[in-house]
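Hi everyone, thanks for coming.

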Amino acid sequence: MKMRILSLALALTLVGCATPNRLVYSSGFSFANYDYLVIAKSEGRDTSTALYGMDVEFANLMSRYNMKVIGNKEYEKLAPEIQKRTLDARMSVTASNKRILFAVSFDDAVTGRTGASITAFTKGNVFDVDARTKAFEAVSGTIIKALQQDK
């Protein structure tokens with residue numbers, strides 16, 4: 001019985017220490033291999049990032065860390081060797097039960113292979129600017145650490 005209680009206490013402790021941010025790299029991925037970034041357009045969902053302006057904030061963040069943010073039309077005009085150094089960033093905001101999940105996926109623009117995925121969640125209402133800002137800042141901190149480490 002003592003062992004079960006100890007196991008339960010340990011499990012609860014580990015869950016309580018879990019970070020609301022998660023960064024996952026695919027094998028061999030490094031931000032150092034990329035100089036350009038295309039932010040994917042929203043798919044028209046009600047909770048699209050464009051609706052809240054987070055795509056613009058994200059573009060500003062990435063450009064501060066030496067990523068050249070370009071549009072789809074600019075990407076099509078790039079030379080093939082530059083296209084190989086381009087990432088597509090897909091962003092999403094999901095809200096349910098007083099939680100906001102903010103996610104960014106970085107895909108190789110040529111192959112479409114996902115290189116890194118970053119998620120963060122916070123408590124709050126998606127319609128509350130402060131709650132959305134908190135989720136964005138959580139993801140931003142993780143992205144900044146990854147960019148600084150890789151570049």
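I'll start with the helices and then move on to the core.

This is a predicted model, in which local features need pLDDT of at least 70, side-chain atom pairs count only at pLDDT 80 or more, and totals for chains, interfaces and linings use all residues. Residues are numbered from 1 along each chain as its sequence is written, and side-chain values use heavy atoms, with hydrogens and water left out.

Helices here are DSSP runs of H or I with at least four residues, strands are E runs of at least two, and both are numbered from the N terminus. So how do α3 and α6 cross? The axes of α3 (residues 54-64) and α6 (residues 129-150) come within 11 Å, at roughly 25°; axes are lines fitted to C-alpha atoms over the stretch in contact, with angles from 0 to 180 degrees between N-to-C directions. That makes the two helices roughly parallel, a label for angles under 35 degrees.

Which residues meet? From α3 we have Met54, Glu57, Phe58, Leu61 and Met62, and among their partners in α6 are Phe136 and Ile143, with contact meaning heavy atoms within 4.5 Å.

Now the largest nonpolar core: buried Ala, Val, Leu, Ile, Met, Phe, Trp, Tyr and Cys residues joined through side-chain atoms within 4.5 Å, where buried means under 20% relative accessible area with a 1.4 Å probe, protein chains only. Of its 33 residues, Leu37, Phe58, Phe102, Phe106 and Ile143 touch the most other members. Helix α6 gives the largest share, nine residues.

Finally, Phe58: leaving aside residues up to four places away in sequence, Phe58 touches Leu37, Ile39, Ala89, Met91, Val104, Phe106, Phe136 and Ile143. A second, separate core of six residues includes Val38, Ile70, Tyr75 and Leu78.

Technical notes. Angles under 35 degrees count as roughly parallel, over 145 as roughly antiparallel, 65 to 115 as roughly perpendicular and the rest as oblique. Buried means under 20% relative accessible area, exposed over 50%, partly exposed in between (1.4 Å probe, protein chains only).
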